[in-house]
There are 2 protein chains.
Amino acid sequence: MNEFELIARLTRTLPADSTVVAGAGDDCAVLEIGLPDRWLLFKTDAVVEGIHFTADTAPEKIGHKALGRCLSDIAAMAGTPTAALVTIALPQGFEVKFVEAIYSGLNALARKHSVSVVGGETTANPERLWLSVALLGFVPRGQAVRRAGAEAGDAIFVTGELGGSLAGKHLEFEPRLAEARWLAEHFPLHAMIDLSDGLAGDLRHILKASRVGAELLKSAIPVSRTARQRAKTGSSAKPAFVAALTDGEDFELLFTVPGAEAVKLLDAWKRQFPKLRLSCIGKITAAGGLAIRDRTGVQPFTQDGYVHFA
Amino acid sequence: MNEFELIARLTRTLPADSTVVAGAGDDCAVLEIGLPDRWLLFKTDAVVEGIHFTADTAPEKIGHKALGRCLSDIAAMAGTPTAALVTIALPQGFEVKFVEAIYSGLNALARKHSVSVVGGETTANPERLWLSVALLGFVPRGQAVRRAGAEAGDAIFVTGELGGSLAGKHLEFEPRLAEARWLAEHFPLHAMIDLSDGLAGDLRHILKASRVGAELLKSAIPVSRTARQRAKTGSSAKPAFVAALTDGEDFELLFTVPGAEAVKLLDAWKRQFPKLRLSCIGKITAAGGLAIRDRTGVQPFTQDGYVHFA
């Protein structure tokens with residue numbers, strides 16, 4: 001049983017009431033709390049030593065990543081983050097300076113996005129460090145961008161460049177908050193997700209929630225220079241193109257808009273965010289499944305993105 | 001450096017803005033989110049195998065405790081819980097049935113208190129299981145009961161019976177949500193906290209935040225039958241009275257009201273909650289420190305409550 005099968009089983013019978021706009025199964029929970037103009041977003045995410053970072057990772061980067069992952073999920077709903085709680089579990093013999101440096105990295109990212117850190121807790125975990133961050137945010141009422149909503153004929157877009165994140169980007173990425181809000185304000189986003197499990201894996205989450213398929217154009221996938229180098233030098237066993245589709249933790253935005261908006265969006269994006277690449281990588285199809293088109297034709301893509309404990 | 005010293009150091013420089021009514025250092029964070037009649041409460045808490053429960057603990061009780069601890073903190077502010085996220089970290093080779101049983105215990109307690117479980121995450125932690133729960137709640141605007149606010153002359157009350165919680169109660173306690181709301185609606189609560197670190201330790205949190213002292217009447221402390229039995233049989237090295245003051249995880253309410261309200265409160269409580277003991281255990285004093293009065297006079301009490309990693 002992999003992570004997604006386990007979650008599907010656990011979330012079958014969760015208690016919920018009419019204030020839950022979106023519960024388990026999207027990037028954030030979305031809650032109706034009686035505000036006339038806004039919904040509340042609620043997200044929690046953990047990083048564990050040896051899984052999400054190594055024992056020799058710079059502590060500032062651990063803090064950056066722990067909060068950044070949650071911020072990226074708020075971005076994926078086109079929301080604005082507001083307040084965070086931080087739980088940190090410390091192994092025996094921890095150094096206070098190390099813990100302070102974790103907070104220093106986390107606080108710097110919080111300040112950058114006007115997030116208040118309103119407390120949390122410390123506990124012990126003998127063998128390894130972990131952090132769990134809980135984050136609140138807001139989104140204009142009725143405008144949370146969900147995973148469901150993609151329609152046949154939509155153009156599929158992705159920000160940035162993909163693959164090889166483990167070489168460093170997974171610790172230093174910038175959550176795409178401003179970009180997501182700008183997109184939601186100016187274009188009819190049908191579906192959006194942030195890339196944590198890899199392009200193929202996360203696109204499949206959109207396809208499943210939206211009950212559609214997708215055809216990607218191989219030459220349009222923005223493969224990162226890192227993924228190319230790692231493939232070339234043999235430090236990754238995957239071809240660069242497969243790394244771009246299946247490496248996890250890019251923390252870029254993947255979204256769909258009606259096909260007729262595609263050219264207008266690319267033009268407007270270049271003016272608004274000239275330093276960040278935006279790629280139209282394919283289209284949503286009525287037939288299910290994920291297919292890749294290259295010079296030789298169209299083939300199904302069957303490899304998975306990164307799946308925890310698979 | 002103990003847990004509280006570390007937290008004090010980490011919370012010196014946290015980012016915050018004017019929407020933070022209470023940040024680090026109270027039972028929950030209290031947030032102003034633009035609702036005319038309510039404040040938002042925000043809490044996170046973790047339980048770790050080998051620290052908060054043992055490897056042979058019934059999984060339903062692990063789930064109950066994980067959510068119950070957060071609910072108890074919402075109770076300590078006189079709030080009403082609404083929605084929770086659950087992060088669960090699983091060791092290698094976990095059994096799906098075991099995880100489902102954890103959720104079963106957690107969901108049952110959630111349903112009892114009308115809490116929606118709106119998602120969360122699973123991750124891996126190779127050596128031991130842990131759960132982190134994030135919980136939201138509401139409190140009428142301006143009516144969150146803080147740790148600060150106790151005044152000289154206040155009567156000090158505690159619900160239930162104290163000590164020996166590790167024998168079982170720490171896994172089965174009922175968070176005092178209805179009791180706390182009733183208290184806040186009917187009496188002028190000056191300060192409140194839930195007992196997680198032990199009566200002496202948690203009372204010291206109130207005294208420190210309120211800049212006052214306290215004198216407890218030894219004969220009035222409600223020592224649990226379990227604490228008496230454990231002292232008698234030698235399974236606890238502490239005298240029963242000291243166990244009631246210093247054992248952790250009773251999850252009862254400790255609060256103060258003006259002395260003139262004490263008799264009226266005891267009478268009203270007996271009618272409202274006839275099955276749950278309420279004890280007036282002493283008074284708040286202008287002079288700092290914690291003292292105990294018995295037949296021989298008044299003596300300072302210097303032992304600490306339970307302190308993580310001390």
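Q: Which residue is the bridge partner of Val86(B) in β6(B)?

A: Strands of a sheet pair through backbone hydrogen bonds, either parallel or antiparallel. Here, Val133(B) is the bridge partner of Val86(B). This is a predicted model: local features need pLDDT of at least 70, side-chain atom pairs count only at pLDDT 80 or more, and totals for chains, interfaces and linings use all residues. Residues are numbered from 1 along each chain as its sequence is written, while chains are lettered from A and ligands numbered from 1 in the order in which they are written.

Q: How many bridges join β4(B) to β6(B), and how many join β4(B) to β5(B)?

A: Two strands pair if DSSP finds at least two bridges between them. Strands (E, at least two residues) and helices (H or I, at least four) are DSSP runs, numbered from the N terminus. β4(B) and β6(B), residues 130-140, run antiparallel with 9 bridges. β4(B) and β5(B), residues 116-124, run parallel with 7 bridges. Within β5(B), Ala124(B) is the bridge partner of Leu90(B).

Q: What is the strand order in the open sheet of 7 strands in chain B?

A: The order is β8-β10-β7-β11-β9-β12-β13, with mixed pairing. β8 (191-194) and β13 (297-300) of chain B are the edge strands, each pairing on one side only. From one strand to the next, the twist averages 25°. Inside the sheet, β9(B) (213-217) and β11(B) (278-285) pair in the antiparallel sense over 4 bridges. Ala214(B) stands opposite Ile284(B) there.

Q: Which helix packs on that sheet?

A: Two residues are in contact if their C-beta atoms, placed from the backbone, lie within 7 Å. Helix α6(B), residues 199-210, touches β7, β8, β9, β10 and β12 of chain B. Axes are lines fitted to C-alpha atoms, for helices over the stretch in contact, and angles run from 0 to 180 degrees between N-to-C directions. The direction of α6(B) makes about 145° with that of β8(B).

Q: How many residues does each chain give to the contact between A and B?

A: Chain A gives 57 residues and chain B gives 55. β5(A) gives the most to the side of chain A that touches chain B, with 9 residues.

Q: Where does Leu171(A) lie, and is it buried or exposed?

A: Leu171(A) lies in helix α4(A), residues 169-172. It has 22 C-beta neighbours inside 10 Å, so Leu171(A) counts as buried. Beyond neighbours within four places in sequence, its contacts include Phe53(A) and His64(A).

Q: How many helices and strands are there in chain A?

A: Chain A has 9 helices and 13 strands. Buried residues make up 56% of its 310 residues.

Note on methods:
A residue is buried if 20 or more other C-beta atoms lie within 10 Å of its own, exposed if 12 or fewer, and partly exposed in between; C-beta atoms are placed from the backbone.
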